[in-house]
Amino acid sequence: SRQMKEMQQQMLQQQSQYVMNELRKASSNMLELSKDEEALKQQSQNAPQNSPQLRQNAQDQQQAVEDLNNVIKGLSELSQKSFAVTPEMAKPIGEALARMKNAMRALEMRNGSMASQEQEQAMASLNRAAVQVQNALQAMMQGGGSGGGGGLLQQLQRAAGQQMSINMQTQQMGGM
């Protein structure tokens, strides 16, 4: 029925709006983290071995690891709802996480110069990941953010078709 179709269209638009917002958030979080890594890199590069700066740096690095884990959690939840999150995205993010953890270990061993190299790599990986997320965002925006049924929306529709009928049923049950 047409009404059903319009509701689906509307739900899809809300869904892609939601996906776009989440991608935007992930991208800006990763760029933020990249800046943090850059600052940490500067500090650990120049810190003497017995400097309390390295301990502080390790704590900040730990915080950055937790922040990135949150971004990863958000994206993996999103990947269940959308094709926009690709395995290609996962690669630089995974690299960044590994580099950050290496930096942590280096800092615990009070090896500032090794830490700063890892932090630099983490920074590069985060930037790459952010670019991929932004590309996905662009693709979505061009692919029919206007409901013009671009390629992505059709993919979403096919994938969402099954999910949609389940949602409709649960909504109807809920709406009794």
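1. **Packing of α2 on α3.** Helix α2 (residues 52–79) and helix α3 (residues 87–108) pack at an angle of about 160°, with their axes 9 Å apart. That makes α2 roughly antiparallel to α3. The terms are as follows: angles over 145 degrees count as roughly antiparallel, under 35 as roughly parallel, 65 to 115 as roughly perpendicular and the rest as oblique. Axes are lines fitted to C-alpha atoms, for helices over the stretch in contact, and angles run from 0 to 180 degrees between N-to-C directions. Helices (H or I, at least four residues) and strands (E, at least two) are DSSP runs, numbered from the N terminus.

2. **Basis of the values.** This is a predicted model, in which local features need pLDDT of at least 70, side-chain atom pairs count only at pLDDT 80 or more, and totals for chains, interfaces and linings use all residues. Residues are numbered from 1 along each chain as its sequence is written, and side-chain values use heavy atoms, with hydrogens and water left out.

3. **The α2–α3 contact.** The crossing of α2 and α3 is left-handed. Left-handed means that the near helix is turned anticlockwise from the far one by less than a right angle; clockwise would be right-handed. On the α2 side, the residues that meet α3 include Leu-54, Ala-58, Val-65, Leu-68 and Ile-72. Their partners in α3 include Ile-93, Leu-97, Met-100, Lys-101 and Met-104. Contact means heavy atoms within 4.5 Å. The residues of this α2–α3 contact divide into 14 nonpolar, four polar and one charged. For these classes, Ala, Val, Leu, Ile, Met, Phe, Trp, Tyr, Cys and Pro are nonpolar, Asp, Glu, Lys and Arg are charged, and the others, Gly among them, are polar.

4. **Overall make-up.** The protein has five helices and zero strands. From the N terminus on, its elements run α-α-α-α-α. Of its 176 residues, 36% are buried. Buried means under 20% relative accessible area, exposed over 50%, and partly exposed in between (1.4 Å probe, protein chains only). Among contacts with a separation of 6 or more, 79% come from residues 24 or more positions apart.

5. **Helix α2 by itself.** At 1.5 Å a residue, the 28 residues of α2 should span 40 Å, and the end C-alpha atoms are 41 Å apart, which agrees. The expected span is 1.5 Å times one less than the number of residues. Buried residues of α2 include Leu-54, Asn-57, Gln-61, Val-71 and Leu-78. The buried residues of α2 pack against α1, α3 and α4.

6. **α1 against α2.** The axes of α1 and α2 come within 10 Å and cross at roughly 165°. The two helices are therefore roughly antiparallel to each other. α1 passes α2 in a left-handed crossing. In α1, the contact residues include Tyr-18, Glu-22, Leu-33 and Glu-37; in α2, they include Gln-53, Asp-60, Asp-67 and Leu-75. By class, the contact of α1 with α2 has 13 nonpolar, six polar and four charged residues.

7. **α1 against α4.** Here the packing angle is about 160°, and the axes of α1 and α4 are 8 Å apart. These helices are therefore roughly antiparallel to each other. α1 passes α4 in a left-handed crossing. The contact of α1 with α4 divides into 18 nonpolar, 11 polar and five charged residues.

8. **Helix α3 and its end.** α3 has 22 residues and reaches 32 Å from its first C-alpha to its last, close to the 32 Å expected at 1.5 Å a residue. Its buried residues include Met-89, Pro-92, Ala-96 and Leu-107. What covers the buried residues of α3 includes α1 (2–46), α2 and α4. Arg-110 follows α3 and lies in the loop between α3 and α4. Phi of Arg-110 is positive, near 60°, in a residue other than glycine. Most residues other than glycine have a negative phi. Arg-110 is partly exposed, with a relative accessible area of 24%.

9. Ala-115 is found in helix α4. At 0% relative accessibility, Ala-115 counts as buried. Leaving aside neighbours within four places in sequence, Ala-115 is in contact with Ser-44, Ala-103, Ala-106 and Leu-107. Ala-139 also has its place in α4 (residues 112–142). Ala-139 is partly exposed, with a relative accessible area of 43%. Ala-139 and Ala-84 are 55 residues apart in sequence and 8.6 Å apart in space, C-alpha to C-alpha.
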